[in-house]
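This report covers the packing of helices and the pairing of strands in a predicted model. The structure is shown first, and the sections then take its elements in turn.

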Amino acid sequence: MRNPLSEKIVAIPPSGIRKFFDIVSEMKDAVSLGVGEPDFDTPWHIREEGIYSLEKGRTFYTSNSGLKELKEEISKYLDRRMGVNYDPNHEVLVTVGGSEAIDIALRAMLDPGDEVLIPQPSFVCYEPCTILAGGTPVIIELEEKDQFKLTKEKLLEKITPKTKILILPFPNNPTGAILERHELEEIAKIVIEKDLFVLSDEIYSELSFKQKHVTIASFSGMKERTVLINGFSKAYAMTGWRLGYACAPANILAQMLKVHQFAIMCAPTTSQYAAISAMRNGDADVEMMRESYNQRRRYLMHRFKEMGLECFEPFGAFYAFPSIKRFGMTSDEFATRLLKEEKVAVVPGTAFGACGEGYLRISYAYSLDSLKEALNRMQHFVDRLDGKA
């Protein structure tokens with residue numbers, strides 16, 4: 001029998017995030033800090049709107065690009081929160097999570113040989129989605145000495161005549177790094193000068209603890225060069241609803257819509273009705289959750305300091321990225337031993353790129369009680385490694 005599998009697909013490794021999650025799901029009394037999923041229930045008014053839509057029999061397909069009312073609310077939200085305006089009829093597309101939006105943007109924009117700049121450590125999907133779209137990933141290795149920010153020097157080093165897209169993953173998963181306005185201004189100048197496009201993944205835009213999030217699309221000359229990706233999973237605790245969106249110039253969005261039509265048809269109808277309530281009435285919920293995450297973030301940094309773990313202060317998303325280099329173990333070895341010996345699951349930094357070696361991703365999207373228990377166990381583990389226990 002001839003090989004039924006695509007060599008391209010076989011060559012792509014599975015997600016490094018899920019490995020430890022799958023193990024811990026079958027381990028009694030384990031505590032996981034590995035998955036980036038809010039521990040909050042979706043706010044009741046959002047769930048209620050979803051339930052009401054089902055009671056009213058709204059179980060039909062929506063238009064391919066999404067409910068008109070939702071697209072209008074997304075446009076109002078981005079204008080209100082980020083000062084950037086999109087035409088809801090031609091520049092907004094509702095997708096099945098932010099991940100679909102990333103995938104179809106790359107498929108709509110890349111031809112074989114086009115290079116995509118991917119700062120790492122970063123979310124696991126950018127590199128495989130680039131490969132699946134026929135593009136060539138070019139990795140920009142970010143460093144702790146720069147607070148894992150993308151600097152103009154690192155960006156300029158990697159640009160070639162084949163470079164087409166820069167992925168901008170800030171606030172960042174896994175490091176928690178953010179880019180401030182003046183830093184984005186420098187990147188925007190280079191993007192315009194080098195005639196590039198930006199795929200800006202802003203799924204954590206509402207989880208910024210140092211200053212209000214700024215989108216690169218708001219700078220002069222950048223809206224026409226940017227595909228802005230966002231969604232409802234993180235800010236509104238709606239992971240299981242699987243709903244995201246993309247905003248882009250009409251000529252780009254029309255081609256993204258084409259891929260979406262053939263692959264998906266439309267995003268879930270119930271989720272779209274629920275998301276309308278999130279956009280209209282969810283600002284207070286977002287603020288409450290942000291304050292809770294910030295409290296957990298400060299607690300995590302305090303405990304790291306107590307156990308002697310170096311960790312630059314993360315100001316975005318709900319992740320910390322402590323260094324374990326002083327223990328002389330790989331990230332995978334440290335995470336594996338921590339899970340086996342203390343039943344605490346974290347994600348090795350290498351799941352997010354080779355330059356994540358020597359680090360762990362720890363999510364603080366969990367309750368304070370869970371964090372305390374996990375950090376107590378981690379303290380015992382570190383003390384043993386240091387010969388204190």
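## Helix 5 and helix 9

Helix 5 (residues 97-109) and helix 9 (residues 250-263) have axes that come within 9 Å of each other and cross at roughly 115°. The crossing of helix 5 and helix 9 has a right-handed sense.

On the side of helix 5, the contact is formed by Glu-100, Ala-101, Ile-104, Ala-105, Arg-107, Ala-108 and Met-109. These residues meet Ile-252, Gln-255, Met-256, Val-259, His-260 and Ala-263 of helix 9. Sorted by class, the contact of helix 5 with helix 9 comprises nine nonpolar, two polar and two charged residues.

Seven strands form an open sheet in the order 2-8-7-6-5-3-4, and their pairing is mixed. The edges are taken by strand 2 (92-95) and strand 4 (136-141); each has a single partner strand, so one side of each is left without a neighbour in the sheet. From one strand to the next, the twist averages 20°.

At one of these edges, strand 2 runs antiparallel to strand 8 (residues 244-247), and four bridges join the two. Within this pairing, Thr-95 has Gly-244 in strand 8 as its bridge partner.

Helix 5, described above for its crossing with helix 9, also lies across strands of this sheet: strand 2, strand 3 (115-120), strand 5 (163-168), strand 6 (197-201), strand 7 (226-231) and strand 8. Relative to strand 7, helix 5 runs at about 160°.

## Helix 12 and helix 13

The axes of helix 12 (residues 331-342) and helix 13 (residues 368-385) come within 10 Å, with a crossing angle of roughly 115°. That angle makes helix 12 roughly perpendicular to helix 13. The crossing of helix 12 and helix 13 is right-handed.

Helix 12 contributes Phe-334, Arg-337, Leu-338, Glu-341 and Glu-342 to the contact. From helix 13 come Arg-377, Met-378, His-380, Phe-381, Val-382, Arg-384 and Leu-385. The contact of helix 12 with helix 13 contains six nonpolar residues, one polar residue and five charged residues.

## Helix 4 and helix 10

Helix 4 (residues 68-82) packs against helix 10 (residues 269-281) at an angle of about 25°, and their axes are 9 Å apart. Helix 4 and helix 10 are therefore roughly parallel to each other. Their crossing is left-handed.

In helix 4, the residues of the contact are Glu-69, Leu-70, Glu-73, Ile-74, Tyr-77 and Arg-80. They meet Gln-272, Ala-275, Ile-276, Met-279 and Arg-280 in helix 10. The residues of the contact of helix 4 with helix 10 include six nonpolar, one polar and four charged.

An open sheet of three strands is arranged in the order 9-12-11, with antiparallel pairing. Strand 9 (319-320) and strand 11 (347-348) are its edge strands, and each pairs on one side only.

Two bridges link strand 11 to strand 12 (residues 360-363) in the antiparallel sense. Here Val-347 has Arg-361 of strand 12 as its bridge partner.

Terms used. Residues are numbered from 1 along each chain as its sequence is written. This is a predicted model: local features need pLDDT of at least 70, side-chain atom pairs count only at pLDDT 80 or more; totals for chains, interfaces and linings use all residues. Side-chain values use heavy atoms; hydrogens and water are left out. Axes are lines fitted to C-alpha atoms, for helices over the stretch in contact, and angles run from 0 to 180 degrees between N-to-C directions. A crossing is left-handed if the near helix is turned anticlockwise from the far one by less than a right angle, and right-handed if clockwise. Contact means heavy atoms within 4.5 Å. Ala, Val, Leu, Ile, Met, Phe, Trp, Tyr, Cys and Pro count as nonpolar, Asp, Glu, Lys and Arg as charged, and the others, Gly among them, as polar. Two strands pair if DSSP finds at least two bridges between them. Angles under 35 degrees count as roughly parallel, over 145 as roughly antiparallel, 65 to 115 as roughly perpendicular and the rest as oblique.
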